[in-house]
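Look at the structure first, then read on.

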Amino acid sequence: MTILVTGAAGFIGSNFVLNWFDKEKEDVISFDNLTYAGNLDNLSSLLKNNRHYFVKGDIGNSELISSTLQKYQPTAIINFAAESHVDKSISAPDTFIKTNILGTYKLLKSTLSYWGTLKEKQKKDFRFIHISTDEVYGDLDKNNSPFTEENRYIPNSPYSASKAASDHLVRAWHQTYNLPVITTNCSNNYGSFQFPEKLIPLCIINAINEKPLPLYGDGKQIRDWLYVDDHCEAIRLILKKGAIGETYNIGGNTEKTNIQVALLICKVLDNLQPRSDKISYDQQISFVKDRQGHDRRYAIDSSKIQKELGWHPKETFESGMVKTIEWYLDHEEWVKNIISGDYKKWIDNHYL
Ligand code: NAD
Ligand code: DAU
């Protein structure tokens, strides 16, 4: 038995693969074209694991996807591969359209052809799990209820619009061709291996390097935060018990303003690694120009997955943040390699 994980060298994908090897027996094919956000160093602990295979490639490369599916005969595909950074989608949307929309379309087509070759039992057991985001539901006012699976899709950024398009394609491949798909819509993740373009790792790394912690606009935008391992557990559960054709919202029930997030990071750092002058890191918080079209608030109602599948997040925001900050403090080399771009050399030396 084998599963194929796309985007496996990214933040959530690599956490998922590592979590999988901790808990499950099936082999894993990590499929990733190693964009700037893909870092095989994240999977270095699996270098000598003979149940782990790595294929470098684009989900939009139908030939490579098809030959990989034929060769390894996976029982499931978990699709994490995407361009994921909202700011980048605003300044350079092309790759978002290419990967998130066209890439997903090509991946679905290749998967459907492969699925059609399977025997009845394998066909029935096969799953295509598509990892999406809460951002497809748009922006909430302070008084609106959290997003449920019934909310309309109202994406506001090129990123969320491209993810929304991919979700619709995944749905269509089920409704039209019966491909056994499940889509998940998750809130903001944080934890180990997150690329420092995103708020939490950026603030941690800037803080210890005596740089400003840049908060957009008034810093009062709200996100719901989920520790990445809790997300990985939810996906494993959905793969086993989720209903075909359904969508599941996943969230941490932890709404925080960006200021609250930055202040918590400073408080944890003040405790774990105080500044030499003993002044709090919160002195480094600085307010900068706002993101264009910045969504004010996201909030997720995860009661469906909680009731139907029995999933609950284990970490609180405080406990998850301590683990995350400890991880970044313990992995100076990883951070240094990311900042210098040296992790690409590591890949050349070990895999290609
Ligand atoms: P990431 O940017 O850290 O990783 C994305 C990975 O996909 C990288 O390894 C990259 O090399 C790979 N990739 C990109 N384009 C590819 C292509 N064309 N072919 C093959 N591989 C490609 O992203 P992440 O934060 O780990 O997010 C993973 C998925 O989860 C995305 O689909 C994202 O939309 C979704 N998601 C993320 C969050 C979050 O908070 N990070 C929350 C909800 C949903
Ligand atoms: O909601 C799920 C989404 O969460 C995922 O689908 C995306 O892939 C993921 O990147 C994330 O999107 P956000 O835009 O919410 O994440 P980001 O870390 O970029 O920003 C979090 C909040 O912090 C947001 O309100 C913007 C703000 N921000 C971000 C950065 C990078 C700042 O104030 N300053 C910054 O420097």
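Within what distance do the axes of H7 and helix H9 come, and at roughly what angle do they cross? The axes come within 10 Å and cross at roughly 45 degrees.

This is a predicted model, in which local features need pLDDT of at least 70, side-chain atom pairs count only at pLDDT 80 or more, and totals for chains, interfaces and linings use all residues. Residues are numbered from 1 along each chain as its sequence is written, chains are lettered from A and ligands numbered from 1 in the order in which they are written, and side-chain values use heavy atoms, with hydrogens and water left out.

Helices (H or I, at least four residues) and strands (E, at least two) are DSSP runs, numbered from the N terminus.

**Helix pairs**

Two packed helices are described by the angle between their axes and the distance between the axes. Axes are lines fitted to C-alpha atoms, for helices over the stretch in contact, and angles run from 0 to 180 degrees between N-to-C directions. Angles under 35 degrees count as roughly parallel, over 145 as roughly antiparallel, 65 to 115 as roughly perpendicular and the rest as oblique. Contact means heavy atoms within 4.5 Å.

*H7 with H9*
- H7 covers residues 199–208, and H9 covers residues 258–272.
- The two helices are therefore oblique to each other.
- On the H7 side, Leu 199, Ile 200, Cys 203, Ile 204, Ala 207 and Ile 208 make the contact; Asn 258, Val 261, Ile 265 and Leu 269 meet them from H9.
- This contact has 9 nonpolar, 1 polar and no charged residues (nonpolar: Ala, Val, Leu, Ile, Met, Phe, Trp, Tyr, Cys and Pro; charged: Asp, Glu, Lys and Arg; polar: the others, Gly among them).

*H4 with H6*
- Helix H4 (residues 94–116) and helix H6 (residues 158–177) have axes that come within 8 Å and cross at roughly 15 degrees.
- That angle makes H4 roughly parallel to H6.
- H4 also passes H6 in a right-handed crossing.
- Residues in the contact include Phe 96, Leu 108 and Trp 115 of H4, and Tyr 159, Leu 169 and Trp 173 of H6.
- By class, the contact of H4 with H6 divides into 12 nonpolar, 4 polar and 2 charged residues.

*H11 with H12*
- The axes of helix H11 (residues 317–330) and H12 come within 5 Å and cross at roughly 75 degrees.
- H11 and H12 are therefore roughly perpendicular to each other.
- Trp 327, Tyr 328, Leu 329 and Asp 330 of H11 meet Glu 332, Trp 334 and Val 335 of H12.
- The contact of H11 with H12 has 5 nonpolar, no polar and 2 charged residues.

Buried means under 20% relative accessible area, exposed over 50%, and partly exposed in between (1.4 Å probe, protein chains only).

- Helix H12 spans residues 332–340, and Trp 334, Val 335, Asn 337 and Ile 338 are buried in it.
- Seen down the axis of H12, these buried residues fall within an arc of 165 degrees, so they line one face of the helix (the arc is that of the directions from the helix axis to the C-beta atoms).
- Glu 332, Lys 336 and Ile 339 are exposed, on the face turned away from the buried side.
- Just after H12, Gly 341 takes a positive phi of about 85 degrees.

Most residues other than glycine have a negative phi.

- Leu 34 has a positive phi, near 55 degrees.
- Leu 34 sits in the loop between strand E2 (27–32) and strand E3 (52–56), and is buried at 10% relative accessibility.
- Asn 178 has a positive phi near 70 degrees.
- The loop between H6 and strand E6 (181–186) holds Asn 178, which is exposed at 53% relative accessibility.

- Phe 147 lies in the loop between strand E5 (127–133) and H6, and is buried at 0% relative accessibility.
- Phe 147 touches residues including Asp 134, Tyr 137, Asn 249 and Arg 297.
- Asn 206 lies in helix H7 and is buried, at 13% relative accessible area.
- Gln 73 is in the loop between helix H2 (62–72) and strand E4 (76–79), and is partly exposed at 35%.

Note on methods
Left-handed = near helix turned anticlockwise from the far one by under 90°. Lists of a residue's contacts leave out its neighbours within four places in sequence.
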